[in-house]
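Here is a brief report on a protein model.

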Amino acid sequence: MSRSAHPAGPRHADVLTEGHYTAPPADLNALDPKVWAHTVSRNEDGVVSVGGIDVATLAEEFGTPAYFMDEADFRARARSWRTAFGHDADVFYAGKAFLSRAVVRWLYEEGLNLDVCSGGELTTALSTGMPADRIAFHGNNKSTEEITKAVESGVGRIVLDSFQEIVRVAHIAQSLGKRQRVQIRVTVGVEAHTHEFIATAHEDQKFGIGLADGQAAEAVRRALALDGLEVVGIHSHIGSQIFDMAGFEVAARRVVALLAAVRDEHGVELPEIDLGGGLGIAYTSEDDPRDPHEIAKALNEIVTRECEAAKLRTPRISVEPGRAIVGPTAFTLYEVGTIKPLDGLRTYVSVDGGMSDNIRTALYDAEYSVSLVSRASDAEPMLVRVVGKHCESGDIVVRDAFLPADLAPGDLIAVPATGAYCRSMASNYNHALRPPVVAVNDGEARVIVRRETEEDLLRLDVG
């Protein structure tokens with residue numbers, strides 16, 4: 001790898017970025033354990049490794065860009081959620097974050113259930129042997145074909161998202177001679193402190209049935225009256241990348257109030273309450289995620305307290321962590337292609353991937369960290385913007401970060417905490433080939449989702 005000197009952008013102690021001053025880290029070679037997977041470390045030569053294999057070896061065998069997932073870390077996080085909530089609650093992994101057949105097997109072996117929101121996710125789960133009764137099916141517009149497959153398969157619950165869906169699921173279940181377990185998804189009017197496009201519990205959005213205007217109570221009323229449905233609970237999800245538990249407290253209070261209203265009107269105490277997911281992870285050192293045991297304790301105390309006040313039996317609690325499990329377990333490895341300094345502004349570092357493998361920065365203004373991982377460096381820091389190779393000025397991977405001033409083409413850099421949503425939302429923009437997902441564990445690496453090929457692109461193009 002060439003490491004010849006080149007003109008660099010700003011390197012002074014405090015750099016103005018997006019209207020505020022940002023200080024470079026004290027040590028550019030340090031790897032913050034909040035941000036990186038558990039087995040990631042830098043060896044005596046300064047090369048970063050995961051699962052006992054260094055990134056140079058991984059890049060040589062699997063190429064770049066690529067997602068490398070720490071299997072031991074994934075399993076440990078899954079176990080931590082399972083242990084935190086115990087056997088009197090259910091933990092559903094939110095498959096939308098990232099799903100593959102290997103991941104489904106890990107979930108099954110670690111005792112977690114699975115939440116899917118499309119026919120494709122359901123097929124993936126069933127093809128791996130996940131018991132259907134451990135699967136929940138979400139979605140705001142499930143097709144007739146998807147509902148039929150879910151009911152025929154015997155999924156443990158379908159989360160109803162509209163009045164039309166109540167009738168649709170009931171009709172399909174009756175036609176198949178079955179009684180489908182369902183939950184009603186309600187919007188509880190809680191504004192989670194998150195990006196507009198990932199806040200899901202305020203009234204003005206597409207998910208769920210409104211609570212404040214009485215629509216949720218009417219939905220329960222209608223669902224209880226239909227023979228094809230067994231209403232087992234209420235579902236609430238207030239958003240994503242949330243660190244403050246206050247929103248969950250308000251949501252739980254309002255959902256429990258609905259349970260009490262259902263008891264008073266129908267004489268039925270629904271046995272389940274699902275408080276969704278959305279707990280945040282550390283994308284940068286400034287983020288401060290909560291431990292699963294702390295989350296479990298807080299949610300259990302909130303629900304128990306509210307149910308005691310309403311003189312209700314405490315329902316079985318469910319949660320749906322996705323990002324909180326898979327997000328920190330993976331990083332994306334890139335090779336630096338070009339370095340373009342803009343005097344007095346920043347240096348643009350172009351890599352061999354971009355918005356086709358991580359759309360979140362462009363879509364959500366998401367913030368990420370980045371590190372030089374193929375070697376150590378004692379060069380002074382320079383402010384960089386890591387960008388991709390696509391034909392969009394918004395093709396940004398990391399908006400503002402610091403890398404060593406001696407960074408050069410051919411160096412390997414890595415963006416941590418890309419396990420959630422990056423591969424799931426990857427695209428073929430500019431006919432890019434979606435990267436592989438490689439699981440690394442105890443000195444062994446194996447592809448669990450292979451890299452796309454040009455033959456894959458042409459196979460779909462029927463001319």
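The lining of the largest cavity divides into 5 nonpolar residues, 2 polar and 1 charged. This is a predicted model. The lining residues are Y67, M69, F98, A330, T418, G419, R423 and V437. The volume of this cavity is about 30 Å³. A search of the whole structure turns up 1 cavity of 30 Å³ or more.

Next, the cysteines. A disulfide is a covalent bond between the sulfur atoms of two cysteines. The count here is 0 disulfides. C117 is in no disulfide, and its nearest cysteine sulfur, that of C422, is 16 Å away.

| Cysteine | Relative accessible area | Class |
|---|---|---|
| C117 | 34% | partly exposed |
| C422 | 1% | buried |

Now to helix α7, which spans residues 215-224. Which of its residues are buried? They are A216, A219, V220 and A223. Seen down the axis of α7, the buried residues fall within an arc of 100°, so they line one face of the helix. What do these buried residues pack against? Their partners include two helices, α6 (163-175) and α8 (246-266). They also pack against the strands β11 (180-187), β12 (209-210) and β13 (229-236).

How values were computed. Residues are numbered from 1 along each chain as its sequence is written. This is a predicted model: local features need pLDDT of at least 70, side-chain atom pairs count only at pLDDT 80 or more; totals for chains, interfaces and linings use all residues. Side-chain values use heavy atoms; hydrogens and water are left out. On a 1 Å grid over the protein atoms alone, a cavity is a set of points where a 1.4 Å probe fits but cannot get out, and a pocket is an open set with protein on both sides within 12 Å along at least five of seven lines; lining residues have an atom within 4 Å of a point. Grid points are joined across faces, edges and corners, and a volume is the space filled by probe spheres set on the points. Ala, Val, Leu, Ile, Met, Phe, Trp, Tyr, Cys and Pro count as nonpolar, Asp, Glu, Lys and Arg as charged, and the others, Gly among them, as polar. A disulfide is a pair of cysteine sulfur atoms within 2.5 Å. Buried means under 20% relative accessible area, exposed over 50%, partly exposed in between (1.4 Å probe, protein chains only). Helices (H or I, at least four residues) and strands (E, at least two) are DSSP runs, numbered from the N terminus. The arc is that of the directions from the helix axis to the C-beta atoms. Contact means heavy atoms within 4.5 Å.
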